[in-house]
Amino acid sequence: MKKLMAANWKMHKTQAEAKESLSSLVASIGAMPEDREVVVFAPYTVLAACGPLVAGKSGFAIGGQNVYPEDHGAFTGEISPAMLRDAGCAYVLTGHSERRALLHEGSDFVGKKTAFALGQGLKVTMCIGETLAERESGKLESVLGEQLTKGLALVDDAVSPDVLSIAYEPVWAIGTGKVAGPAEILDTHALVRKLLVARFPKQGSAIRILYGGSVKPDNASEIITLDNVDGVLVGGASLDAASMRKIALA
Ligand code: PGA
């Protein structure tokens, strides 16, 4: 399976900035290595401008940062999977910790979004992760277990590993400059793998697990070689095309 090197632009970039950044990323990478895939999770307002920049470019894709689990209707401010696809998205993120914390999204709701988006033909990267207080009080396994169990409850048992990935992002490592150490990443990714195999006995070992949280050009190559690390999800360091290029090819 290709390593999934994902950028999360969060609430950054106008259309002009997004086009400039994505086109220089695509041009500077050129022919994507066989074992890599790059997806940029961009704000809604830039998706339609970014779609054509990756259309037909092997190994590149764009995605939305959120989705609502209905196909249309009176859901002010929300966006449907069909709208994301229409704007050129192949992917969507669900359950990012910023949405869980700031917008009070619970795991059941994340699960509805995840299953609905998959059913509507989007590839989903579902984010999970614990706070420092949860880790320090010994709740790591129960927190990740709850997020994965509820988040994947409605997903088809036969889901293809091509369309579902999990991003493990310890909340205490996001945007803080604190990266989980190799030992923490190895242990936690092994735990996520165990939970995925329990949920999907046939294909759980092939579902990609991304690490996220202060990934930078200088730590990406070490992180990406760890067991059970099948990609990265990069926030701050993805905003600069040259920095994201280094990470994507690390
Ligand atoms: P960061 O963000 O790389 O800035 O820590 C990662 C994320 O939130 O996806």
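Colleague: In which sense do S7 and strand S8 pair, and over how many bridges?

Modeller: Strands of a sheet pair through backbone hydrogen bonds, either parallel or antiparallel. In this predicted model, S7 and S8 (residues 231-234) are joined in the parallel sense, over 3 bridges. For leucine 210, the bridge partner in S8 is glycine 231.

Colleague: What do the 8 strands close into, and in what order?

Modeller: They form a barrel, in the order S1-S2-S3-S4-S5-S6-S7-S8, with parallel pairing. On average, neighbouring strands of this sheet are turned by 25° against each other, direction ignored.

Colleague: Which strands does H7 lie across?

Modeller: H7 lies across S5 and S6, and runs at about 155° to S5. H8 also packs on the sheet, where it touches S5, S6 and S7; the direction of H8 makes about 145° with that of S7.

Colleague: How many residues does H8 have, and how far does it reach?

Modeller: H8 covers residues 182-199, which is 18 residues. From first C-alpha to last it reaches 25 Å, close to the 26 Å expected at 1.5 Å a residue.

Colleague: Which residues of H8 are buried?

Modeller: An α-helix has 3.6 residues a turn, so residues three or four places apart point the same way. In H8 the buried residues are Ile185, Thr188, His189, Leu191, Val192, Arg193 and Leu196. They pack against several elements, among them strand S5 (123-128), helix H7 (140-151) and helix H9 (220-224).

Colleague: What is the volume of the largest pocket, and which residues are closest to its centre?

Modeller: Its volume is about 420 Å³. Of its 16 lining residues, Lys10, Met11, Gln65, Arg99 and Leu103 are the closest to the centre. Helix H4 (residues 97-102) gives the largest share of the lining, 3 residues.

Note on methods
Residues numbered from 1 in each chain as written. Predicted model: local features only at pLDDT ≥ 70, side-chain atom pairs only at ≥ 80, totals over all residues. Heavy atoms only, no water. Helix = DSSP H or I, 4+ residues; strand = E, 2+ residues; numbered from the N terminus. Expected span 1.5 Å × (residues − 1). Buried < 20%, exposed > 50% of the residue type's maximum accessible area, 1.4 Å probe, protein only. Contact = heavy atoms within 4.5 Å. Pairing = 2+ DSSP bridges. Axes fitted to C-alpha atoms, helices over the stretch in contact; angles between N-to-C directions. 1 Å grid on protein atoms, 1.4 Å probe; cavity = no way out; pocket = protein on both sides within 12 Å on 5 of 7 lines; lining within 4 Å. Points joined across faces, edges and corners; volume = space filled by probe spheres on them.
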